[in-house]
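This briefing is meant for someone opening the structure for the first time. Please keep the sequence and the 3D view at hand while reading.

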Amino acid sequence: MEKIFIKNNDFQTLTLSILISFVGDTLFDLFIVWKVTYDSGNIMNAAYMIGGSLAFRGILSLIVGIMIDRFNKKKLMIAVNSISGAIIFLFWCFYGFAIQHISLCIFFILLNDICNTVFSSAYTTYAAERFEKTIFIKFQSTVTMLSRTIYIIGSAVAGWMITWVSGKGLFLIDTTSFFCMCFFNKPVK
């Protein structure tokens, strides 16, 4: 059974999709926070955005579980990845205006937080249904370890990218990553 676990295409693509989601989310949130703070010269704007995002995710996670049970998890993951890509693309389109208005930046971050919270709950529920108990435990361990690594290394890479890659380039990379996740999560026959 262990060899099936390693070769399971669904396990690998789901893990890859989750990793891309973590990278994309980190890049989007850090870029907005850094750019608004830099342009406004007010560190409190970063506190408002980060604090609002964390509080919102906590409240949202309480109600998302109910919604997840009513829908096909695989299709839901594809839908929220598409919506995340669209949100980042729209932020890119309104970038000049949004960067001057902290409330609009918070709005885009919160919209993306909704998608990330739904995605996280959907992949956890999907994996619990798809994999047997021991494989699910290994899956969760793998995802937890990789997500913590991405959070640390991804933040450093995002900082480097913010310094050396244009804002439009970052949005293009981030938008593309979310639409690629849709491909990775395509339903398995």
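The model is a predicted one, and the points below are grouped by topic.

**Helices α6 and α7**

- Helix α6 covers residues 102-130 and helix α7 covers residues 133-164, and their axes come within 9 Å of each other while crossing at roughly 150°.
- Because angles over 145 degrees count as roughly antiparallel, α6 and α7 are described as roughly antiparallel to each other, and the crossing of this pair is right-handed.
- On the α6 side the contact is made by Tyr 123, Thr 124, Ala 127 and Ala 128, while on the α7 side it is made by Phe 136, Phe 139, Gln 140 and Val 143.
- Sorted by class, this contact of α6 with α7 holds six nonpolar and two polar residues, with no charged residues taking part.

**Helices α4 and α6**

- Helix α4, made of residues 73-93, also pairs with α6, and the axes of these two helices come within 9 Å and cross at roughly 160°.
- That angle makes α4 roughly antiparallel to α6, and the crossing of α4 and α6 is left-handed.
- The contact of α4 with α6 comprises 16 nonpolar, five polar and three charged residues.

**The largest pocket**

- Two or more lining residues come from each of α2 (9-40), α3 (43-68), α6 and α7, and α2 gives the most to the lining of the largest pocket, with seven residues.
- By class, the lining of the largest pocket is made up of 11 nonpolar, nine polar and three charged residues.

**The second largest pocket**

- The second largest pocket holds about 160 Å³ of space, and of the 14 residues in its lining, Val 23, Gly 24, Leu 27, Val 157 and Met 161 are the closest to its centre.
- The elements that give two or more residues to the lining of the second largest pocket are α2, α7 and α8 (167-184), with α7 giving the most, namely seven residues.
- The lining of the second largest pocket divides by class into eight nonpolar residues, five polar residues and one charged residue.

Definitions and conventions
Residues numbered from 1 in each chain as written. Predicted model: local features only at pLDDT ≥ 70, side-chain atom pairs only at ≥ 80, totals over all residues. Heavy atoms only, no water. Axes fitted to C-alpha atoms, helices over the stretch in contact; angles between N-to-C directions. Helix = DSSP H or I, 4+ residues; strand = E, 2+ residues; numbered from the N terminus. Parallel < 35°, antiparallel > 145°, perpendicular 65-115°, else oblique. Left-handed = near helix turned anticlockwise from the far one by under 90°. Contact = heavy atoms within 4.5 Å. Nonpolar A, V, L, I, M, F, W, Y, C, P; charged D, E, K, R; others polar. 1 Å grid on protein atoms, 1.4 Å probe; cavity = no way out; pocket = protein on both sides within 12 Å on 5 of 7 lines; lining within 4 Å. Points joined across faces, edges and corners; volume = space filled by probe spheres on them.
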